[in-house]
Amino acid sequence: MAEAVDAQRRYEKKRWLVLAVLLFALVLSFIVDIATGPSLLGLSDVAKALLSLFGLPIEVSSTTEVIVTNLRLPIALMALVVGGSLGVGGAEMQTLLNNPMASPYTLGMAAASGFGAALMLYLGSLGLTQELVVPIGAFVCCMLSASMLFGLAMMRHISSGQLILAGIALLFLFQSLLSLVQFVSSPELSQQILFWLFGSLTKATWGNVAITTAVVFGCIGVLMQDAWKLTALRLGEERAKSLGVNVVMLRLKTLVLVALMTATVTSFVGIIGFIGIVAPNIARMLVGEDQRYFIPLSFLVGAFLLSSASVLSKIIVPGALFPIGIVTAIIGVPFFFWLIIGKRR
Amino acid sequence: MLEVRNLHLAFDDLVLAKDMSFALEAGKVHVIIGPNGTGKSSLLKTLFGDIAPQSGNVSFDGTSLHKKQLPAWRQQFGYMPQDIKLDVGLSVLEVVLLGQLNALSLKLGDSLIEEALSALNQIGLLHLANRDVRTLSGGQCQMILFAQALMRNPKILMLDEPVSALDLHFQQVLLEHLDQQTKQKGWTSLMILHDLNLAAQYADNLLVLKGGELYAQGAPEDVLTPELVYEVYGVHADVVLDSMGVPFVRTQRRGLAAFENMKKSFIQPEFNQEKFHHAK
């Protein structure tokens, strides 16, 4: 018996180790992300600048400090938070819908955000600045589309399969509406909409990084409290019920949290695909589906992937910034195929 | 005492319980038998509060089942649904631990782990504790889910066909364990079985369902007769008492022709009549 307890403790340690390794990789990619760009900085300079930001008495040149603090740091931090939130959002959508191919975008949330942003670009600034109106439009539309799903999720007899069907219907609806806006827009405006849809971290400012971080960490904190219930949900809805889980409430709560994170993230950086599908699947392979480890690792993997994609987007064409949404999809697709073909049991 | 009074349960014109009443004593194993599609699983779901009946009352030790107190009501149950598929990246120990869902926190204490391991040990599956459940056979999954139900330390234990995937050895392990714990801890145990001989061996009280009615109830030796087997299942059988005084049901082969001559009502018991009255 004591042996089995020890084996369990060893298993737990192993999973902590995986988390630690990923955290280390994340710190590395974060530093490289800050170092790459039009004016290449040395890794040690970046590390020094970061440490001096934390108040350590280290000498840093003022140019390096300005580039790191004002230009690169918000973008690099945004990559971490957005990647992490897409990873966790994907993990929970996959848990909720009992489907490893689900992502935060599966139920039409990205399409709704895209439509909201496009509509605002089309309508003009409505007396406010475009930097303010477009994210608000994307957020509102995303939550509006998600709230239709909240209504369905509250019904007892609605299964996760039916929820996916409803989500796909919404996806098509908002895609059509988005196409409609593009159809009636001028070519210049259409171009602007397209660029928003690509997804880009360059819109990151200290202000929106702070908002996104607060929302994402708040939501993940609440999700972690339900970690065991979400683990139980993966045994199947009927069995989760038999263990005393209020499935309807849990489903609604999780959906609201994922929608909040997704809406916030997409409204600031546009649509960044595939991280939401890929990150949770990697996390699942590494630590299994005990959500106490699965949620944090999905965050770390998502953050690491987007941070690396951010580096790639800067070095593919030297001197030019490739839209990051394109890079993630290009990395994501081969992985997706590997996942489908190589899936064991 | 788990009591059901004047229960009426129907899906459209499919009547699963017509004014059904019965009481189940604590410290006894109650077994439900009956033909396919007669509403046995639906009855368990109704007792669990998962299906709302059209009318009737369910109570346990004087407290009635109310929709508003569902979490507290369900906390008294260990319920093992029919489905035994476990396709999830969890270890056996983690699946068993989920039986104590409300006691689990982000940091797991040794005592809970030991409790789960002891549940596994009792049914002889301690050696599987750290295995990924996706590598287990159907029967092993079924035993693990039984350990999970034990882990809940329930007042009422409901098992829906708990031995459907088990070999002879584990059938006995599960049922003997169930019997012993029920008597030691005063649980009210209710399970659905299809094997009439297992039902006869382990039931303190046998409930026979047919066409939405409690067709017969009592000790197996009083209930199981060749007539009842024919009336409920449309199958000819001999029933003899074995050396322990337990009825033993042996079916007779009479060929498919015997079924062709039978009334349709055996295949769709009673429901045709209901539909007929409805149409008129």
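Let's open on chain A, with helix H7, residues 187–198. Those 12 residues should span 16 Å at 1.5 Å a residue, and the end C-alpha atoms sit 17 Å apart, so the two agree. The expected span here is 1.5 Å times one less than the number of residues in the helix. Helices are DSSP runs of H or I with at least four residues, strands are runs of E with at least two, and both are numbered from the N terminus.

Some housekeeping. This is a predicted model: local features need pLDDT of at least 70, side-chain atom pairs count only at pLDDT 80 or more, and totals for chains, interfaces and linings use all residues. Residues are numbered from 1 along each chain as its sequence is written, while chains are lettered from A and ligands numbered from 1 in the order in which they are written.

Back to H7(A). Which of its residues are buried? Ile193(A), Trp196(A) and Leu197(A). They cover an arc of only 100° around the axis, which puts them on the same side of H7(A). That arc is taken from the directions running from the helix axis to the C-beta atoms. Buried means 20 or more other C-beta atoms within 10 Å of the residue's own; exposed means 12 or fewer; partly exposed lies in between, with C-beta atoms placed from the backbone.

What covers those buried residues? The cover includes helix H4 (109–123), helix H5 (130–153) and helix H6 (160–184) of chain A. Contact here means that two C-beta atoms, placed from the backbone, lie within 7 Å. On the face turned away from the buried side, H7(A) carries the exposed residues Pro187(A), Glu188(A), Gln191(A) and Leu194(A). Just after the helix, Gly199(A) takes a positive phi of about 85°.

Most residues other than glycine have a negative phi, and most peptide bonds are trans. Asn98(A) has a positive phi, near 55°, and is not a glycine. It is found in the loop between helix H3 (62–97) and H4 of chain A. Asn98(A) is partly exposed, with 18 other C-beta atoms within 10 Å.

Phe274(A) is not a glycine either, yet its phi is positive, about 75°. Its loop lies between helix H11 (247–269) and helix H12 (275–287) of chain A. Is Phe274(A) buried or exposed? Phe274(A) counts as buried, because it has 23 C-beta neighbours inside 10 Å.

Now chain B. DSSP gives it 11 helices and 12 strands. Its C-alpha atoms fill a box of roughly 60 × 45 × 35 Å along the principal axes. A compact globule of 280 residues would have a radius of gyration near 19 Å; chain B has 20 Å, which agrees. That radius is taken over C-alpha atoms, and the globule rule is 2.2 Å times the number of residues to the power 0.38. Of the 280 residues, 39% count as buried.

Next, the sheet. Four strands form an open sheet in chain B, in the order S2-S1-S4-S5, with antiparallel pairing. Strands pair if DSSP finds at least two bridges between them. The edge strands are S2 (14–24) and S5 (63–64) of chain B, each pairing on one side only. Strand S1 (residues 2–11) of chain B is joined to S2(B) by 7 bridges. Within that pair, Leu7(B) stands opposite Met20(B).

Elsewhere in chain B, 5 bridges join strand S11 (residues 237–241) to strand S12 (residues 247–251), again antiparallel. Asp238(B) has Arg250(B) as its bridge partner. The hairpin has 5 residues between the strands, and Gly245(B) takes a positive phi near 80° there.

One helix from chain B. Helix H6 (residues 168–185) has 18 residues and reaches 26 Å from first C-alpha to last, close to the 26 Å expected. Its buried residues are Leu174(B), Leu175(B), Leu178(B) and Thr182(B). They cover an arc of only 90° around the axis, which puts them on the same side of H6(B). The opposite face carries exposed Leu168(B), His169(B), Gln180(B) and Gln184(B).

Last, where the chains meet. The contact takes 29 residues from chain B and 28 residues from chain A. On the chain B side, H4(B) gives the largest share, 5 residues.
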